[in-house]
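Morning, everyone. I'll take you through a few pieces of one structure. Here it is.

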Amino acid sequence: MSFRGRVTRPRLAAAGLALGLGWLVGYPLLITATEAFGGGAPWTLDHFKAFAERGDEWTALGRSLWISAASVVLSALVGVPLGFFFERTEFPGRRLLGGLVALPVALPPLVGVIAFLFLYGESGFISRAVAAVLGLTGPPWRLAGAGAILLVHTYSMYVYFYLFTRAALARLDGSVLEAAANLGASPMRILFRVTLPLLRPALAGAALLTFMTSLASFSAPYIFGGNFRVMTTQIVASKLNGDLEMARVETVMLAGLALLALWGLRLLDPGDDLAATVRGVAPSRRQLTRPLAKWGAAVAGWSLSLFLLLPHFTLVLVSLVPAGTWTTEALPPVLFGGNYSTLFSRPESLKPLLNSAWMATVATLGALFLGFLAARSSLRVKGRLGRLLESLVSLPWAIPGTVFAVALATTFSIHKPQAGRFLLIGTPWILPLAYLLRNLPLTGRAAFSGLRQLDPSLEEASASLGAGPWRTMWKILLPMVRPALAAGAALAFITALGDFVTSIVLYTLDTRPISIEILASLRLQDTGLAAAYGVLLMTLSASAFVLWGRQGERV
Amino acid sequence: MKDSSFLAIENLDKRFGSLHVLKKIALEVAEGEILALLGPSGSGKTTALRLLAGFETPDSGSIRVGGEEVSRLPAARRGFGMVFQHYALFPHLTVGQNVAFGLETRNWKEAEIQQRVAAMLALVDLADFEGRRLGEISGGQQQRVALARALAPEPRLLLLDEPLSNLDPTLRERTRRQLRQAIERIGITTILVTHEQEEAFHLGDRVAVLHGGELQQVGRPEELYEHPRTRFVASFVGRSSVVSGHLESVDGSLGRVAIAGTDCIWEGHLVEGGRPGDEVEVRVRPESLVFAAEPAPGVISAEVVERRYGGAMTLYFLQTPKCEETPGPMKLEVMARGNAARAGEVVGVRLGETGPLPTIFPIEPGATI
């Protein structure tokens, strides 16, 4: 075997993989963009002109932007102080509560939205309680429009700021803060001149994640938006109305906005410039010694956690309410487990569960395989080809789910093998494919970070002991990156299991997943069944997180 | 009979882009010999080891082991054992599983694997550690597990990459002794890479000094110390003072030098020959200079500018007054007992009779000392 041959084989494999990923990830977006310009028959700007002339389109675009920006601000206002509180203050129950506070992230978006509906909606628990206390005859508020969307966004996205702040504070070099104090800085001055500037990379990361998630958010605007349309709901409305040309133009505009936002927000990220050259020990937590402060903090922590867990409790309670038995009472008069037995005994109710389970499993396995292969290949060949593979794996993260769904619907709605297009719409394979591609960044990023953390000499040690590339991969690399892969797979699985945004564009009656069935149950006023589906999703999500945690502990 | 060129490296050359990291290296290592590759950072010693291991491929040249050309063989098929700088132990496997890894790769039978793992762990004094996880053992023990793992599959050649650099000084001394004993007991041909002279001298039967990708000198430790062949070896291996002078006479490989600014005539080894009258630089080891009780011919008067106490012996840094014949004051280092002189004291120094002879290099055009 020649030296040249050994070098080119991994490069050839990487080039093949890049082509395949390009076809799966980039090609549908390209097709959608070209078709928005008429697809060459002939090329035209008419669809874009029509978009530009419609005021509601600009309004939706503007709303997407300001809702995302406001979500970032509100999430930061909640998440950052919470992060400081739980990371820097020691009080009874801190560890447990610190974990509970992150729970909203495990709630699939649609489930979170319906939990809010049951809690703060016109006939929700809190609304009824407030109305009863104030003696009102109607609901005290309407959970609709921008306010409702922002409430749900803040609830589900403050966790990014909370987790990032805590992680950054734990990494902070305590001696830097001591140096500032030694130079005479007051606690407030240390906070604003030292701590917060050092947290900037973490805060920028959380802001980026929140902004992008918010821009792609669909469930909250769809359920609470009504006439308050943002770009994601506008796209689905155009598609459902059969205005495919407009849907494509809206898709291109939203994709452009997302990429522009990503680029803009990346400019704010100081990158590694702020990384300390010498790693110190994290600052110690403030011990609350006075009983009043100590127990006050504990009570505040517990109350906050209970408040944050209210949507979860509500969902469980509503899932135990038989259809049509709860009308004007403050609390449901009858509770039973019938909704759950219906879920598993009625074939048409069981079907969405089975659909979601197999589609999420297949998609996760596929994303795991492709993500690992791309990461391994990219890190082996390095250079431009390596970077291309990494970009392709990450691309679906920057593109809102609605955009991806429309792109897949456009590309795989005709059979033209010579153009790399196959008829997948209407088949059981389009949704698993969509889930796979949407979750590729989760498994791919996990594989990249897992492999990057490995000492390269481990692979060399294995080779020096006579192991070939496959044995090294099977016996050394895979077992060692298993925690990272398990984390990525768990997140990918729960995301696919609870997916709503791509499902609503691509599902068929035979492949309808849980989220679509929740929506159908809500429309039929069968809130108990919808909540039962929600509880099931929530439980599976929590189980996936526990499994993730356990996998992480093993090595 | 042992093969005197069991490992033969010829014209080994390697570039990384525009960086020429290894320049036509040629070396021969006898069967059972321990050769230490010594050099500063960037000298090419690690690249040489990685080429030997098969983790890099040479641009040209050959590597033969027992007569077999291996430079194009993948690492997995070379049959060499390697101990990595940070050990590269597999953290998800136990001590025993780590040692067994190479044996399983070679499809040894289970019973043989168990026997071999036990024997290897006994060899490195870790007989009861088979079931331990890596987090449960110390750095020194991890180093020995790495050695047992590398030796278990009966490799043809053992490669050690800075094997002791992660250990604290006390542990390093003990582990170095154990490492040497284990290698000697097995009698395996070993190549060791290190940037520490003490480690190279203690572990290596011979030492190869690398600098800027070039092989400077190969020899037994005392050869390198007492007869350095290049200026780099003379300065990198051990301490020395550098003085200038001119050759008075030449007798084979020995030369007599009149030291500039003094009435001293020093005899030393001529490294690159020379003719009477040539300007030369003379490198003298600190233990070759001794304090003189009183002024006499051949004694240099100098002030003690620094005293570095080192227990049994102390290193004295001396400086002569500036004179017209030298561009600057002469700086000398003398190794003597701890109370031989005080800082600030003016003392007499002469060339002793017992230390290594000075080494004489021709002065490079334009160079000043």
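Which residues are exposed on the other side of α3(B)? They are B:Ala111, B:Glu112 and B:Ala122.

Some ground rules. This is a predicted model, where local features need pLDDT of at least 70, side-chain atom pairs count only at pLDDT 80 or more, and totals for chains, interfaces and linings use all residues. Residues are numbered from 1 along each chain as its sequence is written, while chains are lettered from A and ligands numbered from 1 in the order in which they are written. Helices (H or I, at least four residues) and strands (E, at least two) are DSSP runs, numbered from the N terminus.

Back to α3(B). This helix covers residues 110-123 of chain B, 14 residues in total. From first C-alpha to last it reaches 20 Å, close to the 20 Å expected at 1.5 Å a residue. The expected span is 1.5 Å times one less than the number of residues.

Now the buried residues. In α3(B) they are B:Ile113, B:Arg116, B:Val117, B:Met120 and B:Leu121. Looking down the axis of α3(B), they fall within an arc of 130 degrees, so they line one face of the helix. That arc is taken over the directions from the helix axis to the C-beta atoms. The general rule: an α-helix has 3.6 residues a turn, so residues three or four places apart point the same way.

What do the buried residues of α3(B) pack against? Their partners are α2 (95-105) and α4 (139-151) of chain B. After the helix comes B:Asp125, with a positive phi, near 60 degrees.

Chain B as a whole has eight helices and 20 strands. Of its 369 residues, 41% are buried.

Over to chain A. Helix α16(A) has a kink of about 30 degrees at A:Leu392, shortly before the proline A:Pro396. The bend is the angle between axes fitted to the seven residues ending there and the seven starting there. A:Leu392 and A:Pro396 are both among the buried residues of α16(A).

Last, the interface. 17 residues of chain A are in contact with 20 residues of chain B; contact means C-beta atoms, placed from the backbone, within 7 Å. On the chain A side, α19(A) gives the most, with six residues.

Methods. Buried ≥ 20, exposed ≤ 12 C-beta atoms within 10 Å, placed from the backbone. Contact = placed C-beta atoms within 7 Å.
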